[in-house]
Amino acid sequence: MTTTYTISIYSENNVGLLNRISAIFLKRHINIESLATSPSEITDVFRFVIVVNVTEPQVQKLVQQIEKQVDVIKVYYHTDEETIFQETALYKVKTNFLFEERQIQNFIKQSHASIVTVSPEFFVIEKTGFRHETEQLREQLAPFGLLQFVRSGRLSVSKAPMGISKILNSFTENNQ
Amino acid sequence: MKEKTMHISGAEAVIRCLLAEGVDLIYGYPGGAIMPVYDELYKFQDDLHHVLTRHEQGATHAAQGYARTSGKVGVAIATSGPGATNLITGIADAQIDSTPMVCITGQVGSHLLGSDAFQETDIIGISTPVTKWNYQVTQAKEIPEILARAFYIARSGRPGPVLVDITKDAQFGMLDFEYKPCVGIRSYKPVPALDQSQVVAAAEAINKAKKPLIVWGQGVILGNAEAEFKAFVEKSGIPAVWTILGLSALETSHPLNKGMVGMHGNYAPNLLTQECDVLIAVGMRFDDRVTGRLDAYAAQAEVVHLEIDPAEIDKNVHADYPVLSDCKQSLAALTELVVPKKLDSWLARFDELYAKEYEVVIEKDTKPTKEGLTMGEVIVAVNKAADSDAVIVTDVGQHQMIACRYAEFIRSKSNVTSGGLGTMGFALPAAIGAKMGAPDRQVVAVIGDGGYQMTIQELGTIFQTGVAVKILVLNNEYLGMVRQWQQLFFDRRYASTEMTNPDFVTIAKGYHIPAQKVTERKDLTSAIQEMINAEGPYFLEVAVEKEDNVFPMIPTGASLNEIRLQ
């Protein structure tokens, strides 16, 4: 049975590592549902958050293969219940609707979205939340003609500690 | 400036790094984007010998052959674009067979990257899935640190190929050179620390076993653990069988060496994998050619898995007792805890099944009564002429299976073959490297007529270097293994497997390599002897029976129980 797993990768920030990691999924014909990359809580350590829909044995093998890469420090996988996760969406709409269609202001209020910018031609709404929340707002705004819509990859932190600093120290000790 | 540093070019730094890593021999092919390095090679030719192969693929296979017999890192070098892409087959082969190799490629100037410049190709992108690590150098000052890392990564832990791509401006650029060997990388743990509790648990399982079986792979050789392995086998008294890449780690004549597992392996090792109660896997990765149908593989057995690479644990076969570490350490620790066993009736099962295989397969292969020559009798003749002490380099196909089944060995690092990737064309260039990596040894390349013609241009390298490689082509005028499958599984529709071959003897003579062809049994022994006795390179073609098949055989996707003797 397939489940949604969030894979968290701590790594060096090297050119080409993303390619090396995505090749592991490609080789097994597994689709990446979402991908986010950013610095982590530790200086010079990079973090990837990858969402896949696979079986547990599959995710375990993916994690083993990713962790095997020289520039990867540590990899974890979690179910949705084990993480706090959010996505961010941006919606670009024609400015005149903001004033002519009262409903739009209601949608923004009800969904706790915020307006990022308003220009004479367009305004941009930002909404952070679960997939179904950003999706609901997209559906509500769609009839007014969304000029652009974009949603980020999943951002996720685990409920349990990951202890990367400790792992980095143990690597250093190992190599001395 | 500190005293220790020299102000030199990136290209010179490349050479000085190689020398600092103890490299004295590299294989390669020059071209535009790597010319600054070749210019330095010219200056350093007394210290660093460069072998010009006739194709970049040959350079990688030669580097692999060198690595496999010497235990050192093989080095191949090429230019950008096609030079680099031609390395890929050898790199992929080295990756799947865990061969330590460093490849250095030239690249267009960094200002041209991404502009589709002449001979520009994204070799980092192309080589990523088939390298242990790769890196593009765009500044001269990076060269010492990156090459130090490259060698460290290639040889440490589970070895593998590394590619370093160096832009032309980085080769021309100047740097203050100081070489520090790499001793560690914070994100990389080459050898997991041995966990004694895993050893204890594994030993308990082994000590309880009534019908234990050891299956060993190349990890024993890569870990320099032959002595520890032999001590483990001898103390425990457990029968041991090998994967194709594990071959030669334990001498053929050892009473507990019970033969090969896998698709064309021996009868007893395959069938008794399905009967053993504890299977002790040592430095092997449960390739599908070894396991056959996975869910039926050793289903009755508890599995102990001694392995250096955590990603191999549970990858194909679940390990009830994983023991992570270098097998040199784990075997020594395990040997201390195992209790000697008397396994007479279990060992008798191997003899019983061997007798059956001998009667149906081995006798016909090695002592044929029919007119046509068999590949098996040729290999037996090589054993005799070389006192079972040749390095046997094989290509891919029927001859490879027959050679691995019948070749005899008395010491390790004597079997060089393309296992995981199954690269036809591997043997001829690999034999060049194998001989250079073990110059005092007899090196015989056993090759089929198909694979021989995939890299036949390397005869030029043999002629130019004079390297004393013995080339033994077993010619059945077919792509024999594919033909065998067509016969057995495609109703004898021999689609594009018959070969109309040239006069191989004339070709060898064109390269001034002494050559002869044998077509009759009465001439075989003397011809093999002449080949073995030759001081320099020698070519021998043996015309073998055209439509012989390799047995035993486990059809693809079948379980080991379905092994066929005929």
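Student: So two residues are in contact if their C-beta atoms, placed from the backbone, lie within 7 Å. What covers the buried residues of α14(B)?

Tutor: The cover includes α9 (196–208), α10 (219–222), α11 (226–236), β12 (278–282), β13 (302–307) and β14 (321–324) of chain B. Helices (H or I, at least four residues) and strands (E, at least two) are DSSP runs numbered from the N terminus. This is a predicted model, where local features need pLDDT of at least 70 and side-chain atom pairs 80 or more, while totals for chains, interfaces and linings use all residues. Residues are numbered from 1 along each chain as written, with chains lettered from A and ligands numbered from 1 in written order.

Student: Which residues of α14(B) are buried?

Tutor: In α14 (residues 327–337) of chain B, they are Cys327(B), Lys328(B), Gln329(B), Ser330(B), Leu331(B), Ala333(B) and Leu334(B) (buried: 20 or more other C-beta atoms within 10 Å of a residue's own).

Student: And how do α9(B) and α14(B) cross?

Tutor: Their axes (lines fitted to C-alpha atoms over the stretch in contact) come within 9 Å and cross at roughly 50°.

Student: New topic: how many residues of chain A are in contact with chain B?

Tutor: 20 residues of chain A meet 18 residues of chain B. On the chain A side, α1 (17–27), α2 (56–67), β4 (72–79) and α6 (164–174) give two or more residues each.

Note on methods:
Buried ≥ 20, exposed ≤ 12 C-beta atoms within 10 Å, placed from the backbone. Axes fitted to C-alpha atoms, helices over the stretch in contact; angles between N-to-C directions.
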